[in-house]
Amino acid sequence: MTPDWSPLERELALWWAEGKSLPLWWRDDDAVEPTAALDRLGALSEELSIPVHLAVVPAYATETLSERLAPSSGMIPVVHGWAHQNHAPALEKKAEFRMHRPVSEITADAERGLSRSQAMFGSSLMPMFVPPWNRIDHEIVEGLPSLGYKVLSTATPRKRPFATPGLWQINTHLDPIDWRGTRGLVPEDQLISQLVQHLQDRRTGVSDNAEPYGLLTHHLVHDQDIWRFTREVLLRLLDGPTRCWTMAETLEKDPTP
Ligand SMILES: [Zn+2]
């Protein structure tokens with residue numbers, strides 16, 4: 001079935017009419033090494049002229065990945081936890097950075113995540129922390145700025161611009177993968193209506209349009225439908241009243257709330 005994109009077209013027309021602009025960004029998670037899927041991700045980013053912030057798992061990242069992510073690649077490495085290891089008890093949701101261990105141990109993982117990533121990627125590395133499964137407890141968040149992190153990124157619209165003093169919160173909002181079901185593409189009409197709702201909320205001031213709107217993908221598990229949707233939704237948004245956000249923009253701002 002061909003999805004009906006007209007609700008998005010109508011919403012974007014209202015953005016044009018009202019002179020509004022959407023800051024847009026793209027995050028892709030779980031990179032550890034160069035693969036065919038990573039090449040495809042890089043090619044798509046280049047084709048669409050939108051950089052992709054690539055959340056790399058520091059403990060397992062390979063030297064060949066650091067060569068692949070040269071500054072000209074359009075892929076911007078950021079820190080995806082430490083080892084993407086679940087520490088939650090069996091019945092709880094998976095998490096690496098919730099209070100399942102002593103704070104000092106968890107903070108040490110966040111610290112070595114940044115130091116190893118910086119050693120591997122040099123100045124290409126942006127000090128953004130992306131906790132695996134988008135889960136992190138506030139006790140850990142509070143310690144991130146003193147380690148050198150400038151941005152925390154999880155999922156769903158942020159409640160405030162700063163996760164804690166000195167640490168911007170810039171989340172992702174649209175995830176096309178049906179994680180709890182087929183692990184394929186969420187029905188497209190559902191994704192389109194979710195996207196339109198997010199845009200309406202931003203246009204009418206219900207949610208914060210200063211927060212870059214994030215598409216979240218996972219290149220290693222994409223089937224053809226997910227690649228196709230990713231391309232199409234980005235094309236349509238980039239054709240609208242949008243501008244691409246990259247983390248360098250936020251680093252230039254005053255970090256104090
Ligand atoms: Zn992940």
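Guide: This is a predicted model. Start with Trp16, which is exposed, having 11 other C-beta atoms within 10 Å. The cut-off for exposed is 12 or fewer, so Trp16 falls in that class. Trp16 sits in helix H1. Its C-alpha lies 6.2 Å from the C-alpha of Pro241, although 225 residues separate Trp16 and Pro241 in sequence.

Stay with helix H1, residues 6-17. Its partner here is helix H7, residues 188-203. The two axes come within 9 Å and cross at roughly 15°. Angles under 35 degrees count as roughly parallel, and H1 and H7 are therefore roughly parallel to each other. Their crossing is left-handed. On the H1 side, the contact is made by Pro7, Leu8, Glu11, Leu14 and Trp15. On the H7 side, it is made by Ile192, Ser193, Leu195, Val196, Leu199, Gln200 and Arg203. Sorted by class, this H1 and H7 contact holds eight nonpolar, two polar and two charged residues.

Helix H2 covers residues 36-48, and helix H8 covers residues 224-238. The axes of H2 and H8 come within 11 Å and cross at roughly 20°. H2 and H8 are therefore roughly parallel to each other. H2 passes H8 in a right-handed crossing. From H2, the residues that meet H8 are Arg40, Leu44 and Leu48. From H8, they are Trp227, Thr230, Arg231, Leu234, Leu235 and Leu238. By class, the contact of H2 with H8 counts six nonpolar, one polar and two charged residues.

Now go inside. In soluble globular proteins, nonpolar side chains tend to be buried together. The largest nonpolar core in this model has 57 residues. Those with the most contacts inside it are Leu54, Val78, Met128, Phe129, Val151, Leu152 and Leu167. Helix H8 supplies the largest share of this core, five residues.

Take Met128 from that list. Setting aside neighbours within four places in sequence, Met128 is in contact with His53, Val78, Val79, Val151, Ser153 and Met247. Val78 and Val151 are also among the core residues with the most contacts.

Move on to Val130. Val130 is found in the loop between S4 and H5. With 26 C-beta neighbours inside 10 Å, Val130 counts as buried. The threshold for buried is 20 or more. Beyond four places in sequence, Val130 is in contact with Asp29, Ala55, Val78, Val79, His80 and Ser153. Val78, Val79 and Ser153 are in contact with Met128 too. Val130 and Gly81 are 49 residues apart along the chain, and their C-alpha atoms are separated by 6.1 Å.

The loop between strand S4 (128-129) and helix H5 (138-141) also holds Asn134. Asn134 is partly exposed, with 17 other C-beta atoms within 10 Å. Its backbone deserves a check. Most residues other than glycine have a negative phi. Asn134 is not a glycine, yet it has a positive phi of about 60°. Asp30 also has a positive phi, about 85°, and is not a glycine either. Asp30 belongs to strand S1, residues 22-31. With 18 C-beta neighbours inside 10 Å, Asp30 counts as partly exposed.

Tyr60 lies in the loop between strand S2 (52-56) and helix H3 (63-68). Tyr60 is partly exposed, with 15 other C-beta atoms within 10 Å. Not counting residues up to four places away in sequence, Tyr60 touches Val32 and Ala83. Tyr60 and Trp179 are 23 Å apart in space, C-alpha to C-alpha, and 119 residues apart in sequence.

Ile177 lies in the loop between strand S7 (167-169) and H7. Ile177 is partly exposed, with 19 other C-beta atoms within 10 Å. Leaving out neighbours within four places in sequence, Ile177 is in contact with Arg183, Val186, His218, Val221 and Ile226.

Notes
Residues are numbered from 1 along each chain as its sequence is written. This is a predicted model: local features need pLDDT of at least 70, side-chain atom pairs count only at pLDDT 80 or more; totals for chains, interfaces and linings use all residues. Axes are lines fitted to C-alpha atoms, for helices over the stretch in contact, and angles run from 0 to 180 degrees between N-to-C directions. Helices (H or I, at least four residues) and strands (E, at least two) are DSSP runs, numbered from the N terminus. Angles under 35 degrees count as roughly parallel, over 145 as roughly antiparallel, 65 to 115 as roughly perpendicular and the rest as oblique. A crossing is left-handed if the near helix is turned anticlockwise from the far one by less than a right angle, and right-handed if clockwise. Two residues are in contact if their C-beta atoms, placed from the backbone, lie within 7 Å. Ala, Val, Leu, Ile, Met, Phe, Trp, Tyr, Cys and Pro count as nonpolar, Asp, Glu, Lys and Arg as charged, and the others, Gly among them, as polar. A nonpolar core is a set of buried Ala, Val, Leu, Ile, Met, Phe, Trp, Tyr and Cys residues joined through C-beta atoms within 7 Å.
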